[in-house]
Amino acid sequence: MRASDGMSPPVFVVSTGRCGSTMISDMVRKHPAMLSVSEFLATMGATVLRGRKVGGEDLFRKLNTCRPALQAVLRNRLQSNEFLYPIDSPDARYGPDDLPPILAVTLPHLTDDHDDLWDELGRDLRKRGRAALEDHYRFAFEWLADRYDKTVWIERSGASLLLTPLLARRFPDARFVHVFRDGRDTAMSMQKHRPFRSLAMLASQLRKRGLDPFSRFNWPGTSPWISFLMERRAKRFSAEKFRAAQIDLPTFGWLWNGMIERGVRHLEALPRDRVLSIRFESVLKSPEPEMSRFAEFVGPRYVDTDWLKRICGVIRDKPPSWTRLSPAELAPLSEACEPGMRLLGYES
């Protein structure tokens, strides 16, 4: 399958996470012709891209079933700021045990009528016959694009950089925007973010066992076995131990660096016209030319002067966070990030 008539080829915004990609999603949502598909890959869990041909009923069940990892997060009120479903509202239809993953972020990002929207989309998904998993996803995203009068869909999920090779195979017409940020600032943000604390703990556990956590065989979303480990961990999850866990900054620097070193290699294997790189700091300093580059990459017809003025008028530059660290804290963090920083063209 390729983009349907009138629909431009899709775009994936990939990154390590905690690097400004959420800001990109929010700006895309305000574009008159772009559909922002936010955190779909992330909230669907480690099996999001596993499986080939499935029926519409099976696909609906996949998008509608709250898996143990998400249940553990919601039961213990550990959801991140990106989580949008009003689960604590007395009017909420779903709770921690039965929330459809697509309602965690993706559909509430588009509308306040997210429950009704899922009812409608779900009905049409269930009518579909057997098809490749990616074709079902494409149908769902194009269904949403048509519903909101958009002509291109752009998926953005945190920590999606290492999914690039599989996404490129499953969506051969797709293009990729790599958003990145100074590794030291990214690591500091990861340390305060619960999903990345969990990812750092998982990656560190794999490393201790002599496994490469950044290999496609061991990374959530591409691994044939890691989802089973994550579900076992979720069933034995202790919120008290999780909150008490001490994870130092160099560990997050190592996590960021591993994703960057492997992810840049994946991106370099793609044709140049399928990849656009955007530095977060450049967006803060010069938002209009940077976002104009983004729109031009999506397609010349998406360059919209009014949109650019609207989204760029609220962006403010800010000093890097790592400058607040003491020399003793900064040195090991910088050492952990140095290979990735050099790959991305940051000065030493």
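The model described here is predicted. Helix α8 spans residues 183–191, and eight of these nine residues are buried, so the helix is largely enclosed by the rest of the structure. The buried positions are Gly183, Arg184, Asp185, Thr186, Ala187, Met188, Ser189 and Met190.

One of these residues, arginine 184, carries a charged side chain that takes part in a salt bridge with aspartate 182, with 2.7 Å between the closest N and O atoms. Arginine 184 counts as buried because its relative accessible area is 12%, below the 20% limit for that class. Aspartate 182 is also buried, at a relative accessible area of 6%.

## The nonpolar cores

The largest nonpolar core contains 78 residues. Within this core, the residues with the most contacts are Phe12, Phe40, Leu63, Trp118, Tyr137, Phe176 and Leu255. Helix α12 supplies the largest share of the core, namely nine residues.

Leaving aside residues up to four places away in sequence, tryptophan 118 touches Phe60, Leu63, Asn64, Tyr94, Pro100, Ile102, Leu103, Leu107 and Leu125.

## Salt bridges

Side chains of opposite charge can pair when their charged atoms come close. In this model, the count of salt bridges comes to 19. One of them joins the side chains of arginine 67 and glutamate 231, at 2.2 Å from N to O. Arginine 67 lies in the loop between α3 (56–64) and α4 (68–75), while glutamate 231 belongs to helix α10 (residues 226–235), so the pair ties together parts that are 164 residues apart in sequence. Arginine 67 is partly exposed, with a relative accessibility of 33%.

A further salt bridge is formed by the side chains of aspartate 212 and arginine 262, at 2.9 Å from N to O. This pair links distant parts of the chain, 50 residues apart: aspartate 212 is in the loop between α9 and α10, and arginine 262 is in helix α12. Aspartate 212 counts as partly exposed at 30% relative accessibility, whereas arginine 262 counts as buried at 18%.

Most residues other than glycine have a negative phi. Where does aspartate 149 lie? Aspartate 149 is placed in the loop between α6 (133–147) and β5 (152–156). Its phi is near 60°, a positive value in a residue other than glycine. Aspartate 149 is exposed, because its relative accessible area is 64%, above the 50% limit for that class.

Alanine 159 has a phi near 60°, which is likewise a positive value in a residue other than glycine. Alanine 159 is found in the loop between β5 and α7 (164–170). Is alanine 159 buried or exposed? Alanine 159 is buried, with a relative accessible area of 17%.

How values were computed
Residues numbered from 1 in each chain as written. Predicted model: local features only at pLDDT ≥ 70, side-chain atom pairs only at ≥ 80, totals over all residues. Heavy atoms only, no water. Buried < 20%, exposed > 50% of the residue type's maximum accessible area, 1.4 Å probe, protein only. Helix = DSSP H or I, 4+ residues; strand = E, 2+ residues; numbered from the N terminus. Core = buried A, V, L, I, M, F, W, Y, C linked by side-chain atoms within 4.5 Å. Contact = heavy atoms within 4.5 Å. Salt bridge = Lys/Arg side-chain N within 4 Å of Asp/Glu carboxyl O.
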